[in-house]
Amino acid sequence: MTDFVPTLDTDDRRAKRNVIVLVLAQAILGAQMPMIFVTGGLAGNMLSTNPCLATLPISMIVFGSMTTAPWISPYMQKNGRRAGFILGALAGAAGAAVAAYGLYIGSFLTLLAGSYLTGIYMSAQGFYRFAATDLASDSFKPKAISYVMAGGLLSAIVGPQLNKGVMEAWMIPFFGTYAAVVVLNLVGLFLFFALDLPGKVDTAIAVGTKAARSKMELLKDPRIIVAIICAMVAYSLMNLVMTSTPLAVVGCGFTNDNANDIVSAHVLAMFAPSFFTGHLIARFGVEKIIGAGLVILAFAGGVALSGVELTNFYGALILLGLGWNFGFIGATTLLASSHAPSERGRIQGLNDALVFGCVTVASLASGGLMNCSGGTPVEGWNAVNYAMGPFLALAGGALVWLIVERRRAA
């Protein structure tokens with residue numbers, strides 16, 4: 001078998017075509033994530049006998065993503081991105097079907113099993129952003145990542161609004177959500193046949209290139225380790241707060257539709273800035289944009305702690321989405337510019353395993369903090385937002401260290 005060594009078009013024509021396909025995939029298949037994140041905690045609260053485990057279905061999704069990332073990235077490097085993305089969509093359809101069956105028979109464990117399979121889809125979706133850079137020039141990479149993430153704008157509109165129409169359409173609560181997710185996956189997977197990407201990228205060393213570094217060598221690179229830390233913190237804190245939001249909104253006396261609308265505003269804020277995040281990175285530098293994201297996440301916690309009116313929930317979740325966008329896209333750009341093509345499968349899989357490992361812990365902690373750390377929903381919601389502080393300090397410290405190290409080296 002002939003080794004494939006990726007080459008870049010000077011005008012990024014192939015990369016731009018792939019970006020269009022991946023934007024559509026993010027919009028159509030990605031619509032399932034806000035639907036499931038709104039419904040998962042409410043369905044778990046309905047089926048679980050322990051309120052502290054209400055968000056466990058969401059935690060199982062993230063756990064599935066964490067345990068999938070270490071093998072699906074090398075699988076894509078060997079068989080191509082298309083094969084991995086199709087596998088993810090099929091797993092998403094299977095997971096939604098199993099979860100729907102769990103609701104039908106009233107089984108919490110079956111709902112958890114379906115949630116784990118959904119995690120395989122979530123892991124595959126995480127690599128859309130990396131696929132956008134495979135054939136992109138260095139100058140187009142941050143823009144390609146941003147544009148693909150911007151595809152989440154449509155998913156932010158389609159997902160929650162579709163969910164409002166289907167989540168109570170059957171006698172069994174939330175059954176319609178999972179049935180709709182099955183359809184989204186089966187329809188959306190056909191998009192991947194339009195991708196123009198290499199079928200495989202061998203880890204064998206191309207002529208004239210340096211040997212691929214081991215995982216330990218990669219983790220000694222300051223840019224890589226800081227990129228991973230900032231990605232872990234940005235994604236984990238976003239998940240920590242968003243997972244508890246539907247429970248907090250409903251617990252404070254508002255409706256399921258209010259929860260859907262707030263999550264919709266949050267997801268819009270996650271992806272709307274993507275149209276210009278790449279340009280901001282190119283102009284101001286990736287470290288400044290990551291830092292801005294961390295500051296905005298801190299402001300989100302402050303707004304959430306200032307009250308539990310609908311305006312507080314909207315304001316906090318919009319800021320949470322914006323902070324995640326700057327922090328996570330910035331960290332992804334930093335990582336993508338810090339490794340060679342031959343190291344792609346190794347470091348990208350390791351990155352997502354570490355990121356979603358932390359997100360798993362955050363989603364587990366979210367339910368416990370929300371339902372079991374105080375006597376009222378307000379106390380639980382406050383505990384969730386206070387928990388953001390130490391992790392923001394960790395990421396901020398790591399980013400400052402990287403900037404100091406770069407100036408010292410210069």
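Student: What kind of model is it, and what does the chain average in pLDDT?

Tutor: It's a predicted model. The chain averages a pLDDT of 86, and 94% of the residues score at least 70.

Student: Which helix has the lowest confidence, and which the highest?

Tutor: Helix α10, residues 215–219, is lowest, at a mean of 79. Helix α14, residues 286–305, is highest, at 96.

Student: Where is the pLDDT below 50?

Tutor: Over residues 1–10, for one. That stretch has 22 contacts in the model beyond near neighbours in sequence. Residues 201–209 also stay under 50. For them the model has 16 contacts beyond four places in sequence.

Student: Which residues lie nearest its centre?

Tutor: Met33, Gln125, Tyr235, Met270 and Phe271. The lining has 23 residues in total.

Student: What's the lining like by class?

Tutor: It has 15 nonpolar residues, seven polar and one charged.

Student: And which helix gives the most to it?

Tutor: α11, with four residues. Several helices supply at least two each, among them α2 (32–47), α5 (108–126), α12 (256–271) and α15 (310–336).

Student: Stay on α5. How many of its residues are buried?

Tutor: 15 of its 19, so α5 is mostly covered.

Student: What's its reach from first C-alpha to last?

Tutor: 27 Å. That is close to the 27 Å expected at 1.5 Å a residue.

Student: Switching to Ser65. Where does it sit, and is it buried or exposed?

Tutor: Ser65 is in helix α3, residues 56–79. Ser65 counts as buried because its relative accessible area is 0%, and the cut-off for buried is under 20%.

Student: What does Ser65 touch?

Tutor: Gly119, Met122, Ser123 and Phe356. That leaves out residues up to four places away in sequence.

Student: Next, Gly345. Where is that?

Tutor: In helix α16, residues 344–372. Gly345 has 5% relative accessibility, so it counts as buried. Beyond its neighbours within four places in sequence, Gly345 is in contact with Ser73, Pro74 and Gln77.

Student: How far is Gly345 from Ile120?

Tutor: 17 Å in space, C-alpha to C-alpha. In sequence, Gly345 and Ile120 are 225 residues apart.

Student: What about Asp352? Buried or exposed?

Tutor: Buried, because its relative accessibility is 1%. Asp352 is in helix α16 too.

Student: Which residues is Asp352 in contact with?

Tutor: Ala69, Gly126, Phe127, Arg129, Phe130 and Gly357, leaving aside neighbours within four places in sequence.

Student: And how far is Asp352 from Ala99?

Tutor: 24 Å, C-alpha to C-alpha. They are 253 residues apart in sequence.

Student: Last one. What is the phi of Phe174?

Tutor: Near 75°. That is a positive value in a residue other than glycine. Most residues other than glycine have a negative phi.

Student: Where is Phe174, and is it buried or exposed?

Tutor: Phe174 is in the loop between α8 and α9 (175–188). At 8% relative accessibility, Phe174 is buried.

How values were computed. Residues numbered from 1 in each chain as written. Predicted model: local features only at pLDDT ≥ 70, side-chain atom pairs only at ≥ 80, totals over all residues. Heavy atoms only, no water. 1 Å grid on protein atoms, 1.4 Å probe; cavity = no way out; pocket = protein on both sides within 12 Å on 5 of 7 lines; lining within 4 Å. Nonpolar A, V, L, I, M, F, W, Y, C, P; charged D, E, K, R; others polar. pLDDT = per-residue confidence, 0-100. Contact = heavy atoms within 4.5 Å. Buried < 20%, exposed > 50% of the residue type's maximum accessible area, 1.4 Å probe, protein only. Expected span 1.5 Å × (residues − 1).
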